[in-house]
Amino acid sequence: MPVIEGASNFTISGYARLYEIHGNAVINHITDTNELKRFLSIVNLPRAQASQNDYQTRKKSGPCFPGTRQALLREMMDWATKSDESRIYVLSGLAGIGKSTVAYTVATQADELGLLGASFFFARDEADRNSAKSSLQRLHTNSTVRGSAVTTNDPQDQLQALILDPLRSIVQSHARPILVVVDALDECGEDDERGILKGLSQLVRALPSFKVILTIRPQPHLNPFLCSQSGHKIFHLQDIEDKVVDGDIRLYLNHSLSLEAVQEQYPQRQWRASAVRYILDKSASNPATQMQKLLRAFAQCLTPFKDLDQFYTVILRNVVPENCDNDDTVSRYQSVVGAIIFVQRPLPVSTLVHLININIDVVEIRQVLDNLQSVILLGSDDVPRIYHKSFPDYLTDQVRCKDPRLRIYTKICHTHITTRCFEIMDKHLKRNILGLGDPARFMSKEDGLKEGEITEEQLQENIPQQLRYACVYWANHFEFANVEDEALMNGMERFADEHMLYWLEVLSLIEKMDSARRAIPVVLKLLKSTSSDLNQLLSDALCFISSFYEVIKRSALHTYYSALPFTPSDTLLYRRYIKEAAEHNICVIEGGPEKWGALVANMNHGEPVDIIKFSLDSTLFVSCSQRKSKIWDAATDIPISTIRGHTFAVANDFSTVASSEDKTITLYDVNAGSTRGTMFTTSKIQKLALSSESSRVAAALSDGTVWLWDSRNAKLIDKFVGFAFDGYRSWLQFSPTGTRLASLSANGIKLRNGTSGRFIANLRCGLWNKFEFSGDGSRIASVSPHRSLALWNSENGGLVGVVTDVDQHGLAISANGSLLATADCSKVMLWRGNNDSLALVEFLGVDMPRSMAFSLDKLAIATNSVIKLYDVKTHSFIHTLPVGGSPTALALSPDCTRLAVADYNANVNLCDIRGVDTADSSPSSEEHPTEEEGTTVTALALSRDCSRLACGFEDGIIELWETSPTKRRIRPLRSKMAAIFFRIFGQSRRTKLVRALEFSPDGRLFASGSDDGTIKLWNGGDGALRGTLKAPGRLQVVALSNSLLVAAWNGGVTLWSLDTLSPIHTFNDADKVSKVSIAENSTLIAVCLRDRRVALLDVANRTTIATFDVPYDIHTMTFLPNNSQLVVQSDEGVFLSLNLINEQIIKGPTLDHLIQLPNTSFWHGVPIWHCQDKDSEQHYFAALFPQQKSPVPVLWIPTQIPVTTWTQGSSMIALSCRDGRIILLRLPTSHVS
């Protein structure tokens, strides 16, 4: 057996087996390289000295003073190194009492013993240290083990991927304990505290070798969780006996007061550390004199609370002497200290000076701070920090701080800081603040900065720290400012009038767009006049941010290039900003919206949503998916909280959310942001129900039982059998009043008392029913797969009525239970529930209804592409709202002001539906036919010179328009003639929809083709009919040269002479053609077959001469003028060049080819074309700039504009929308700026 003795730094290469390791080592067997890596990880595991150094530098904390805290440190190290049932040691204590110092000392000693796995401290003022996400990532970084990359923000997912999975196989046989130290948990957000505690508990359960030391201030909302978890050892630092504390202080003072260098960080009770700093203040000449000042002050009043106030007063007298009559001294002190207290995050002095009175400089700030070193720490980073929270509490309390010259006035300080923020933004904000050129200005932030070669130094120079702070936090100060202050409101109005869009640009660049969502509602809430221009501008800004949030967040300068052009033209914001933007040659939009639509916001839940529900007061709504629930503010679309789990239930008043994972239920207090209790079951939880009205929680389990608890004390009330679950759907509901609980059973629905669980009735309606309670809880409706609809009295379970032959596509019930709605694939049926029967009221013709919801007199119906609102009183549809994808969930707010709908793309659309019945933005009955009469545009064509636009409609109508040079708004094409298009003619109604439109290259003719095979030729100038042709079958598409017409139909391709209008030839082997193109010289024809093949036809020889396989669905095909290439564009915007000589295919657009194509649109001389994002399905236009290999988006089409088809010309683009509108994009031609 080979033996290696006394060797170090040796390498074993090739395949080897290491049998034994003797001495101070671990015996192991290593059979492959992966096992070797795991072994080496154990040998080295786990040391994180670097994290300690970082801890000491950033936290400004060192170890306990030698000889102090001896008993506590000995106890903690004994716990860490020995076997103990408890796996987590919680060190609790008040602020400033020394928790961090103890944690650092234990971490240092553990590291010296080779036991420290990782350490982390939280800091609320530092973005990388104030969340669960940052802690797990840093623990992962500080440990020696590396897992795979993780992109999720879910702490539980991160724990699994970053910590548990990589470590499980490594430490499973590790005998020595591994210590993780987590300090200052209370400095992360309350939403994260419980998640981190759960994660750490999961860590020590899954990996028994691990132990955790955790420090935290007393947090009452966490006490139930800490107490409910076995294996937690809790020690309260303030419980150390006073004589021990006094001995530690005496030891420290005996040592420190005799030294020139003072160790500033020391574990003292609240103000005592500040007292030491005061005595040893370097700016004071005699420490003994400083001590006498404190002793004289404390002799006057001995209560602890007043001791602290008097102590602070003594310190402040170093800056503002008693009876000081120098107003400049007082003003300077109040400005400096007020700014330090109220800034939303600590700032260096060089930045802070910009938020203070303009007459105060850096030197004067330092003079104030020099005299306040005992209460305001100024570290090596030049950032002043308040040592203890009690200091600002004292300064802002007029009862405690009796001297008005020492007092800091909250409203005055916030008013001043807000005003300074406006002045800073007024000075620095401007369009294109980084000076990006082409194409960087159109790119995403990351790509644009890289392309523009913008360094970090340039970024800091152009967007300095004071501007960043002002842009992000001005509204935080405005909320507490004096809105009657003239200077403040002048700054606010100037900001809204001139800088709003520049502000959004900067927020995008610094990745703080969420600040915009929060800022505007704050101001709107405080403004007294709702009719002022300022109020209107801010209301417009709120809609602007909601409508274009993703576009601006993605690329800052698209605020001007994509968002502003599509802003409704009648809004004050558009009128204020469009003139200046037009000077920079942006795209001119004609036919766009005139007023803000119903869509308030488009949010992303992160995964497909199953349930949407509004609170009773309509101010909040929740979206739930399979792994998380999100609560949103219904007015501002801001997410309030995110709760993880597998199943969810939300109380009607939104006071409580129940979440389950496997066999555990957790109750969350939404208002407090904390947990209320935990309940456990014996089987996996399939469904939850929650009632705030009856204070009850119900859970349906996989073993077929239903459990009922009192949510106030988590006491189990009862268990019931008979629950049915089909593996996909489970139904369990409390009535809105909480008096009834209904659950799905094998033969129907079991109805019970919602408070006691007492059985009431078995509603026999068959298996796998859908059921819903009415809003008042008086009735319950059910629909079964066996095509029966039933209405029941929920009081006693009595049957009101039943009907058959009803599909189960959807079910909704009105608030009082008198009206029901069901659906099949082509219609919605309304039913009236009388005393003892169900009667059909009416049929509503709706294509593919998916879900429905009642609110007051409105019924919302979701289809595959739109939401239709129906007024049950007037028996009429009143509004149609487009949606981006197929709806998965739908809800109307109880007050019928908001509608929320989720789609398969995980988007949640929030709509404001107030007034839609009186101000409908969809086509009106007077000027527009109804949907059944057909308003959908099915075909568009632009002449090459863009002087004519031809439009074909679903109902067979064809219209030709002359594009006017004016820039007046376009109305839907069926409007009156006052439009930016001059209507030349309108072809009367035909029986089949218009399938195809095409102009000849010279524009003299255009052809229209209908579904029935009819082809008409029209004069391109005046619209006169030139002739009618008939395809042998159902028409697909047409194409024209100046001499030939080509039509593809469902059996082949036929050619006609434009001179004689007689057929020339039919290619019968070209079946199932989707696209066709003809060369300008009429010698070649390209046809795209539905099996993704492109065939090249020789007109003269009437043969197929080449075939190409293409991997995309084709939108257009165009021959180059010399017929050497056929350029193909897919529906998504991908280009292929088919070489007709060597029959090769080249992927991607080439600038040389694009500029030769006759239908290429040009943006400032750069070719652009239509694209569609695969993930979001958003439409945009991309440009290929010189020296660029990849196209760049130059114009994003808002998601709220439902584009159905488009056509391009050299100087304009026409878009048709689902509601019948045509939007014309006039492209800028001069140099972009």
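## Salt bridges

Arg317, Asp403 and Arg405 are joined in a network of salt bridges. The model is a predicted one, and 35 salt bridges are found in the structure.

Arginine 1226 pairs with glutamate 590 in a salt bridge whose closest N and O atoms are 2.8 Å apart. Arginine 1226 belongs to strand β67 (residues 1222–1226) and glutamate 590 to strand β8 (residues 588–590), so this pair ties together parts 636 residues apart in sequence. Both arginine 1226 and glutamate 590 are buried.

## A bridge between two loops

A salt bridge also joins the side chains of aspartate 807 and arginine 787, at 2.0 Å from N to O. Aspartate 807 sits in the loop between β29 (799–804) and β30 (810–813), and arginine 787 in the loop between β27 (779–783) and β28 (788–793); the pair links distant parts of the chain, 20 residues apart. Aspartate 807 has 19% relative accessibility and counts as buried, because the cut-off for buried is under 20%. Arginine 787 is partly exposed, with a relative accessible area of 35%.

Within helix α21, arginine 494 and glutamate 498 lie four residues apart, about one turn of the helix. An α-helix has 3.6 residues a turn, so residues three or four places apart point the same way. The side chains of arginine 494 and glutamate 498 form a salt bridge of 3.3 Å, N to O. Arginine 494 is partly exposed, at 40% relative accessible area, and glutamate 498 is partly exposed at 34%.

Helix α25 (residues 572–582) has Leu572, Leu573, Tyr574, Tyr577, Ile578 and Ala581 buried. The cover over these buried residues of α25 includes α21 (486–509) and α23 (533–554).

## Buried strand residues

Valine 90 is placed in strand β1 (residues 88–92) and is buried, with 2% relative accessibility. Its C-alpha atom is 9.7 Å from that of valine 182, which is 92 residues apart from valine 90 along the chain.

Serine 855, in strand β34 (residues 851–855), is buried at 5% relative accessibility. Leaving aside residues up to four places away in sequence, serine 855 touches Leu892, Ser893, Pro894, Asp895 and Cys896.

Glutamate 453 is exposed, with a relative accessible area of 64%.

Methods: Residues are numbered from 1 along each chain as its sequence is written. This is a predicted model: local features need pLDDT of at least 70, side-chain atom pairs count only at pLDDT 80 or more; totals for chains, interfaces and linings use all residues. Side-chain values use heavy atoms; hydrogens and water are left out. Buried means under 20% relative accessible area, exposed over 50%, partly exposed in between (1.4 Å probe, protein chains only). Contact means heavy atoms within 4.5 Å. A salt bridge is a side-chain nitrogen of Lys or Arg within 4 Å of a carboxyl oxygen of Asp or Glu.
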